[in-house]
Amino acid sequence: SDTVEKESIPDTSEFATEGRTLLIVDDEAQIRNLIEDLFSDRYTVLQAADGHAAIEVMKQRRPDLIISDIIMPGMNGSELVRELKSNPFTASIPVVFLTSKVTTSDHISGYELGVEAYIPKPFHPRHLQAVVNQLISSRQSLRDYYNSPLSQSDLYNGNYIQEKDKN
């Protein structure tokens with residue numbers, strides 16, 4: 001029969017960050033540089049001062065995750081997310097809002113736009129690192145799953161079987 005052994009489940013506990021790219025979007029250069037310092041040992045870090053600049057950066061390289069402020073001149077963070085989520089090529093890029101807009105209503109608006117996480121400024125560096133690393137890891141786990149035979153399998157009576165063999 002077409003069963004999939006449990007050993008074929010990929011181990012993503014130690015996910016690879018090599019080759020992963022973050023895009024930091026904030027009008028304050030000091031904040032962008034601080035965030036780059038936090039992540040440059042594990043990720044390639046790109047910077048943009050507003051949403052328009054971020055779109056231009058993404059024409060050259062697609063980031064694995066975006067950390068963005070909301071309040072910026074030009075294209076703000078909310079407008080950037082609307083633009084990203086309306087484009088099939090960029091819709092799946094996770095976005096973390098890092099912002100001084102801290103009301104519950106601000107958070108809800110961000111999540112309704114499609115933002116994966118919302119971190120208020122001032123922020124704790126470890127909090128931002130934990131959120132970013134978890135989002136990158138979970139996206140890699142999803143990629144691994146959907147590129148494996150397990151995505152076409154189901155657990156039935158303690159065994160992994162192919163969907164087509166279920167009936």
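Helices here are DSSP runs of type H or I with at least four residues, strands are E runs with at least two, and both are numbered from the N terminus. This is a predicted model, in which local features need pLDDT of at least 70 and side-chain atom pairs count only at pLDDT 80 or more, while totals for chains, interfaces and linings use all residues. Residues are numbered from 1 along each chain as its sequence is written, and side-chain values use heavy atoms, with hydrogens and water left out.

Is Ser78 buried or exposed? Ser78 counts as buried because its relative accessibility is 17%. Buried means under 20% relative accessible area, exposed means over 50%, and partly exposed lies in between (1.4 Å probe, protein chains only). Leaving aside neighbours within four places in sequence, Ser78 is in contact with Ile70, Phe97 and Leu113; contact means heavy atoms within 4.5 Å.

## The whole chain

Let us step back for a moment. The chain has 5 helices and 8 strands. Read from the N terminus, its elements follow the order β-β-α-β-α-β-α-β-α-β-α-β-β. Of its 167 residues, 42% count as buried. Among contacts with a separation of 6 or more, 58% are between residues 24 or more positions apart.

## Two nonpolar cores

A nonpolar core is a set of buried Ala, Val, Leu, Ile, Met, Phe, Trp, Tyr and Cys residues joined through side-chain atoms within 4.5 Å. In soluble globular proteins, nonpolar side chains tend to be buried together.

The largest nonpolar core has 20 residues, and those with the most contacts inside it are Ile35, Phe39, Ile67, Val96, Leu128 and Val132. Strands S2 (21-25), S4 (65-68), S5 (95-99) and S6 (117-120), along with helices H1 (29-39) and H5 (125-146), each supply at least two residues of this core. Which element gives the most to this core? That is H5, with 5 residues.

Ile35 gives a view of these surroundings: apart from neighbours within four places in sequence, Ile35 is in contact with Ile24, Ile67, Leu98, Phe123 and Leu128. Apart from this core lies another, of 19 residues, including Leu23, Met58, Val81 and Phe97.

## Where helices meet

Two helix pairs are set side by side below. Axes are lines fitted to C-alpha atoms, for helices over the stretch in contact, and angles run from 0 to 180 degrees between N-to-C directions.

| Helix pair | Axes come within | Crossing angle |
|---|---|---|
| H2 (residues 51-60) and H3 (residues 77-85) | 9 Å | roughly 35 degrees |
| H1 and H5 | 11 Å | roughly 65 degrees |

Asp26 lies in the loop between S2 and H1. Why does Asp26 count as buried? Asp26 counts as buried because its relative accessibility is 2%. Its side chain makes a polar contact with the side chain of Lys121 (2.8 Å). A polar contact is a pair of N or O atoms within 3.5 Å; within protein, one must be able to donate a hydrogen and the other to accept it, and residues adjacent in sequence count only if both atoms are side-chain atoms. Not counting residues up to four places away in sequence, Asp26 touches Ile31, Arg32, Ala48, Ala49, Asp69, Met72 and Lys121.

Thr90 sits in the loop between H3 and S5 and is also buried, at 9% relative accessibility. A polar atom of the Thr90 side chain lies 2.8 Å from the backbone oxygen of Leu84. Thr90 and Asp64 are 26 residues apart along the chain, with their C-alpha atoms separated by 9.6 Å.

Finally, Leu135 lies in helix H5 and is buried, with a relative accessible area of 13%. Setting aside neighbours within four places in sequence, Leu135 is in contact with Leu65, Val96, Glu116 and Ala117.
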